[in-house]
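Hi,

Here is the structure I promised to pass on. Have a look at it first, and then read my notes below.

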Amino acid sequence: MEYLLLILGFVLLIKGADMFVEGSSNIAKFFKIPTIIIGLTLVAFGTSAPEAAVSITAGINGNSDIAISNIVGSCIFNLLCVLGVTALFKDVKADKEVIKKDYKLSIFASLLLLVLILGNYFFTKKLVLGRIGGLVLLGMLVIYLINLIKGVSAEDRKQIETKKFSIEDVIFIAIGLACVVLGGDLTVDNATIIAKAWGLSDRFIGLTIVAIGTSLPELCTSLVALFKGENDIAVGNVIGSNIFNILFILGASSLLSPMNIGIESVIDLMILIIGSIGILIFFFNDFKIKRPEALSMLMFYATYCIYIFIR
């Protein structure tokens, strides 16, 4: 039964992602909003819903180790595997301004999180992300969203193909998002049951099965978007998801309940930062990720999985 439900979860994720991208793209054209904005906000927030559900619930229940390991693990998977797997099928091209502004912000968000944790340790001798840190992260998200909206020029709007409003697009987004969230839940729950039956530890499951499972919506959405020709959504979804994961989900989780951070999570956060900087270097080569770069990213992730398994 667990294997059947796992397959059902994958089916819901793929079909939900297809509907969600289709509806989001059409509504973006109606409001004359660049698809990269939709990818960085609506699609990114929607595909981050499973991470939000897992981490905020874990934070409230006092299981902060699962909360932060899920987010950091998901961010690593988004960068190395979602972009890596997508680039295996087709070159992933990113807008120059998106890399210079949004992608660099995602790196800065990771650095800010590390500084907040280590800064708290300097004063209290405890690795904690407290309520003040949560407010700082959420405040940065608000500033980012305001600047993102202000950055859309009248010229950008004129170049966007217009489309008539359709209630079907709203329904597509709602059903697609519901399928993505439900598919993510089914996948995570049943993959965890299967993994435990194989004798894997809870920590390893949290950093891999749960993190990968909650990031499957990003993977499915980016692949579907790329094959539909919506390259901006494919890239913006990954970058935006990582920004939302750190600034919104960890910000909200720590605001509701201060989070105790294990030294392992600090190391994983450093690995995320190193990986992010490495991919930034890839993007500076004509702002594309090609198959050789994609293979190196997937090898890096495989090495990371071996490391945390040994750890």
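Predicted model: local features only at pLDDT ≥ 70, side-chain atom pairs only at ≥ 80, totals over all residues.

Now the helix pair. Helix 5 (residues 96-124) packs against helix 11 (residues 263-283) at about 160 degrees, and their axes are 10 Å apart. That angle makes the two helices roughly antiparallel, since anything over 145 degrees counts as such. Their crossing is left-handed. On the helix 5 side the contact includes Ile99, Tyr103 and Ile107, while helix 11 brings in Ile273, Ile277 and Ile279, among others. Sorted by type, the contact residues come to 17 nonpolar, two polar and no charged.

Next, the cores. The largest nonpolar core has 76 residues, and Leu83 and Ile279 have the most contacts inside it. Helix 4 (residues 64-89) supplies the largest share of this core, 13 residues. Which residues does isoleucine 279 touch, leaving aside neighbours within four places in sequence? They are Leu79, Leu80, Leu83, Tyr103, Ile289 and Met297. There is also a second, separate core of eleven residues, with Phe20, Ile27, Ile38 and Ala234 among them.

Last, a residue elsewhere. Alanine 197 is in helix 8 (residues 167-197). Is alanine 197 buried or exposed? Its relative accessibility is 65%, so alanine 197 counts as exposed. Its C-alpha atom is 37 Å from that of isoleucine 277, which is 80 residues away along the chain.

Cheers

Terms used
Residues numbered from 1 in each chain as written. Heavy atoms only, no water. Axes fitted to C-alpha atoms, helices over the stretch in contact; angles between N-to-C directions. Helix = DSSP H or I, 4+ residues; strand = E, 2+ residues; numbered from the N terminus. Parallel < 35°, antiparallel > 145°, perpendicular 65-115°, else oblique. Left-handed = near helix turned anticlockwise from the far one by under 90°. Contact = heavy atoms within 4.5 Å. Nonpolar A, V, L, I, M, F, W, Y, C, P; charged D, E, K, R; others polar. Buried < 20%, exposed > 50% of the residue type's maximum accessible area, 1.4 Å probe, protein only. Core = buried A, V, L, I, M, F, W, Y, C linked by side-chain atoms within 4.5 Å.
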